[in-house]
Amino acid sequence: HVKGCRENPRNKCFCGRVFPDSAARDNHATSCAMNPANQFECQFCPQEFCTTFGLFAKDGRKLRDEHQICCKENPANKCWCGQVFPNPDARIAHAVKCQMNPSNCFKCRFCPAAYVTTFNVLGLKSRDGLQNRDMHEVACEKNPRNSCYCGKLFPNPTARDKHAATCEENPANMFECPHCDRLFVTRYGVMGMVISDGRRLRDAHERGCNKNAANQCFCGQLFANPEACELHAAKCSSNPVNRFSCRHCRKVFVTKFGVFTTSGAVDRDAHQMVCSQNPANSTCVHCNQTFTDTLGFLGHFRPDAQRLCRLHTQMCCGNPQNRHSCDCCGRTFVTRRRWLRRLDGKVERDKHQSECDVIPCEFELKGAEGAGWHLVASPDATASGRTMIDSDADNSDQSSDDETVDSINGTASELSIARLEKDENLLDERREPSCTDPQGSLQELNSEASDDSSSEAEEEEEKSKDDSEENDEEGFHDAHSACGESACGEAPENE
């Protein structure tokens, strides 16, 4: 039943007829017009061709192939001008002479102008587009070969090249200095004669250019040409050839030229022999004197540099061990060598100190808070007075500043007077052998006493003070006069 069933797809043909079995269906489908195997469609247009069987049988494939050759939609049958031909051969024969054919159209390379090759009725070439294009390109305005550097247009490259040879804008006629930005141009006159040669001007400027390194010496001085610079550099002090440095201390010696010519190399070699940083030499640590080895034959008989330095250090004036100072006057005696004898500074110091008549002053000048007043006291007295002031300040916090100043002046004056009386006795004992001008010292004492008395009289007349303040002033002036006498006693001793 399945083989003969009407609903079986195998028994149904493409045209819709139903057969009792599949074999009958296949036999019918071979010649059926609805069978896709018997239908052929053109690949350029939608037209279809069917293979038919019977008395008027047709081959669809053959019909399709014949139609494609002359199909209007076939690109091989359509020219660039749009005309359709029955076959490609006719189209090709027409395209050879067609004006729309790209092979017959020629465009200029510099402008959008186009030139077409045309043919006459007889098929002969009436106008050659390639030749016309080439003739146009030669004279084209946009052809760079026809435009000069100055912007001027010429009908052909030959005229342009003839003009460019004398054009001032031509880079071949422009010459730039390699050291600066200055430009030199070759200019032409009538009949092409050269008015100014840019190359020659550039070369002349280059020799004297300020930025030319060959015209600048090592010292920075500029010259008109390299020859003058080289002539100056041979004697220039900044030239490395004329500068010689010591290899030990890097000190530089320069060769100088003139009336008194000096050689830097000779000075450098002489300096290296006595250089303090030369390992072969020895330098004193106190006076920086340098000792060198003796060259030549005498070097066998003289000591070497190290030994000379040791011998010198022992007698060097800058050696602290050879310097001895007096404790009274501060005079310094140096151990030194004089010819064939040795002067011992310590012995001379002791001899001088035993005879020295200078007594060092142990007093110090202290300022007081009162205007125009000064205190003369020893360091011990000043310290004791400062201690008394501190104790008084602790006991009485509400004491005024004037009372504190009076107590300081009174205490300092009492201590200084006691000290001065002691020193005055010593001065009286030594005054006769030490004073060389007793007349002058007495006159100075009299003048100071008169000055003190006149100042006291003026102060008493101008100001009226309490009895306690007057007593303090008298005590202070007495101490000051005593100190003046001691100072006068020391002056002759210092002389």
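1. The model is predicted, and the comments that follow should be read accordingly. The surface comes first. Val121, Leu122 and Leu124 make a nonpolar surface patch of about 390 Å². Leucine 124 lies in the loop between strand E5 (118–119) and strand E6 (125–127). With a relative accessible area of 52%, leucine 124 is exposed, because exposed means over 50%.

2. Helix H1 spans residues 22–29, and its buried residues are Arg25, His28 and Ala29. These cover an arc of only 100° around the axis, so they are on the same side of H1. Ala23 and Asn27, on the other side of H1, are exposed.

3. The next topic is cysteine pairing. How many disulfides does a search of the whole structure find? The search finds zero. The sulfur of cysteine 249 has its closest cysteine sulfur in cysteine 275, at 3.6 Å, which is too far for a bond, because a disulfide requires the two sulfur atoms to be within 2.5 Å. Cysteine 275 is likewise in no disulfide, the nearest cysteine sulfur being that of cysteine 249. Cysteine 249 counts as partly exposed, at 27% relative accessibility, whereas cysteine 275 counts as buried, at 1%.

4. Charged residues are the next topic. Side chains of opposite charge can pair when their charged atoms come close. The structure holds 12 salt bridges. One of them joins arginine 160 and aspartate 161, with the closest N and O atoms 3.1 Å apart. Arginine 160 counts as buried, at 11% relative accessibility, while aspartate 161 is partly exposed, with a relative accessible area of 33%.

5. A further salt bridge links aspartate 203 with arginine 202, where the closest N and O atoms are 2.9 Å apart. Is arginine 202 buried or exposed? Arginine 202 is buried, with a relative accessible area of 15%, because buried means under 20%.

6. Aspartate 269 forms a salt bridge with arginine 268, and the closest N and O atoms are 2.8 Å apart. Aspartate 269 is partly exposed, its relative accessible area being 39%. Salt bridges that share partners also join Arg109, Arg133, Asp134 and Glu137 into one network.

Notes:
Residues are numbered from 1 along each chain as its sequence is written. This is a predicted model: local features need pLDDT of at least 70, side-chain atom pairs count only at pLDDT 80 or more; totals for chains, interfaces and linings use all residues. Side-chain values use heavy atoms; hydrogens and water are left out. Patches are made of residues with over 30% relative accessible area and no salt bridge: like charges are joined within 9 Å, nonpolar side chains (Val, Leu, Ile, Met, Phe, Trp, Tyr) within 5 Å. Accessible areas come from the Shrake-Rupley method with a 1.4 Å probe; for residues, only the protein chains shown count as cover. A salt bridge is a side-chain nitrogen of Lys or Arg within 4 Å of a carboxyl oxygen of Asp or Glu. Helices (H or I, at least four residues) and strands (E, at least two) are DSSP runs, numbered from the N terminus. Buried means under 20% relative accessible area, exposed over 50%, partly exposed in between (1.4 Å probe, protein chains only). The arc is that of the directions from the helix axis to the C-beta atoms.
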